[in-house]
Amino acid sequence: MKMQLAEIAQALNTSCEGDAETVITSVAFDSRKISQGALFVPIKGERDGHDFVGSAIEAGASATLWEAGHPNKPEGIAVLEVADTLKAMRDLARYYLQKVNPTVVGITGSNGKTTTKDMVAAVLAKRFNVYKTQANFNNEIGVPMTILEMKPITEILVLEMGMDRAGQLHELSQLARPDVAVITMIGEAISNSSAAGARSPTPRWKSRTFCKKTANSSTTVMNPYWRKEPQSFPRTSPPSVSRTLTAFMPVTSAAPCTIPSSRLTGLTGNSQFQ
C-alpha cells in the first residue's frame, strides 16, 4: 500500500496529529515486524499494544493509531486517534479494498481452507496478479491485515476466512464481500471449552452467516457431497445464490471436476481438474 496520512485520516473519519503528508507504505500490529514508513496499530489483547509504541518508533514506524483517552500518547510520531484501534484497522482495510478493487475469492470450511486457498491462488496466478492469505492468517486480525498487505496492482485477492466463535464469519464476510465464495465442507466441531464430546452449533453458524453475507456473490463453490455427511447442515440447507458450482470431488473419485466459466474476467469456457 501507499497512502498519505491525510487520506488514511479521512478514511477513518479522524484527524492527524503530525505531518499529514507523510506517506505510509505498510501497516503492522506487531512492533517486531515494523518496517520503515509503517503505520503501527496497537491492539489490546493479552498484552496492550500501546505499551510497545516505543519499540515501533525505534523500528521505523512513521505513524500510529491510538485509542482515544489512552494514557501516554507518544511524541515524535504522527498520531491518529480513534475510538477502537482494531475496528479502525478493519475500516482502513475496507477502504483500501474498495480502492484497489480486486476480485475477491473468499474461502471457508471446517477443513481444507488453507490447502484450497493455496491451490486456487496458484492456478489464478498463472494469468492474474494475485495476493493470498499468508499461512492461515484467517481471523479478525489476519483478514484485514491480508487486505492491507496486497499491492495496488492486485487483480485477485484470495482470502481464507476462519471461525472459532459465533458471529466471526459474519464480520469477516461483511468486510471482504467476496465475489466468489468457496465452501470446502461444513462439519460439526467439538468445542475445547465445552464438555468432552459436546458438539457445537458450528455448522449452523458457518452455513448461515457465510452464505447469507455472500448471497450477492456471482458464484458460490461448494462440496457436492455435503448432503451425504450426516453431521452437516443439521438445521439448514445449502445457500440460495445467483450461481452455484459443485466443484470439489472426493480424492478417491476418478472422475474429473469440471468448473464452468467464471465471473473472473479473462477466464472463459470450462476448466477441468483431474
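A salt bridge here is a side-chain nitrogen of Lys or Arg within 4 Å of a carboxyl oxygen of Asp or Glu.

The structure is a predicted model, in which local features need pLDDT of at least 70 and side-chain atom pairs count only at pLDDT 80 or more, while totals for chains, interfaces and linings use all residues. Residues are numbered from 1 along each chain as its sequence is written, and side-chain values use heavy atoms, with hydrogens and water left out.

**View 1. The whole protein, before we zoom in.** Seven helices and 17 strands make up the secondary structure; helices (H or I, at least four residues) and strands (E, at least two) are DSSP runs, numbered from the N terminus. Of the 274 residues, 46% are buried, where buried means under 20% relative accessible area, exposed over 50%, and partly exposed in between (1.4 Å probe, protein chains only). The accessible surface is about 13,900 Å², and carbon and sulfur atoms account for 47% of that; the areas come from the Shrake-Rupley method with a 1.4 Å probe, and for residues only the protein chains shown count as cover. A contact is a pair of heavy atoms within 4.5 Å. Taking contacts between residues at least 6 apart in sequence, 59% join residues at least 24 apart.

View 2. Look around Ile147 and, beyond residues up to four places away in sequence, you will find Ala93, Tyr96, Leu97, Leu157, Leu159 and Leu175 touching Ile147.

**View 3. Helix H5 and its surroundings.** Helix H5 is largely enclosed by the rest of the structure, because seven of its eight residues are buried. Those residues are Gly142, Val143, Pro144, Met145, Thr146, Ile147 and Leu148. They pack against strand S4 (26–28), helix H3, strand S9 (130–132), strand S10 and helix H6.

View 4. Asp48 lies in the loop between strand S5 (38–40) and helix H2 (53–59). The nearest side chain of opposite charge, Lys44, is 4.8 Å away; in this count Lys and Arg are positive and Asp and Glu negative, with His and the chain ends not counted. The side chains of Asp48 and His70 do make a polar contact of 2.8 Å, a term for a pair of N or O atoms within 3.5 Å; within protein, one must be able to donate a hydrogen and the other to accept it, and residues adjacent in sequence count only if both atoms are side-chain atoms. Setting aside neighbours within four places in sequence, Asp48 is in contact with Ile43 and His70.

View 5. Asp30 sits in the loop between strands S4 and S5. Asp30 and Arg32 form a salt bridge, with the closest N and O atoms 3.0 Å apart. Asp30 is buried at 14% relative accessibility, whereas Arg32 is exposed at 73%. The side chain of Asp30 also reaches the backbone nitrogen of Arg32 at 2.9 Å.

**View 6. Asp118 and Lys132, a bridge from helix to strand.** In this salt bridge the closest N and O atoms are 3.0 Å apart. The pair links distant parts of the chain, with Asp118 in helix H4 (residues 113–124) and Lys132 in strand S9, 14 residues apart. Both are partly exposed, Asp118 at 28% relative accessible area and Lys132 at 27%. Also in helix H4 is Ala121, which is buried at 6% relative accessibility. Neighbours within four places aside, Ala121 is in contact with Val130, Lys132 and Val158.

**View 7. The Glu81 and Lys73 salt bridge.** The closest N and O atoms of Glu81 and Lys73 are 2.6 Å apart. Glu81 is partly exposed at 26% relative accessibility, and Lys73 is partly exposed at 34%.
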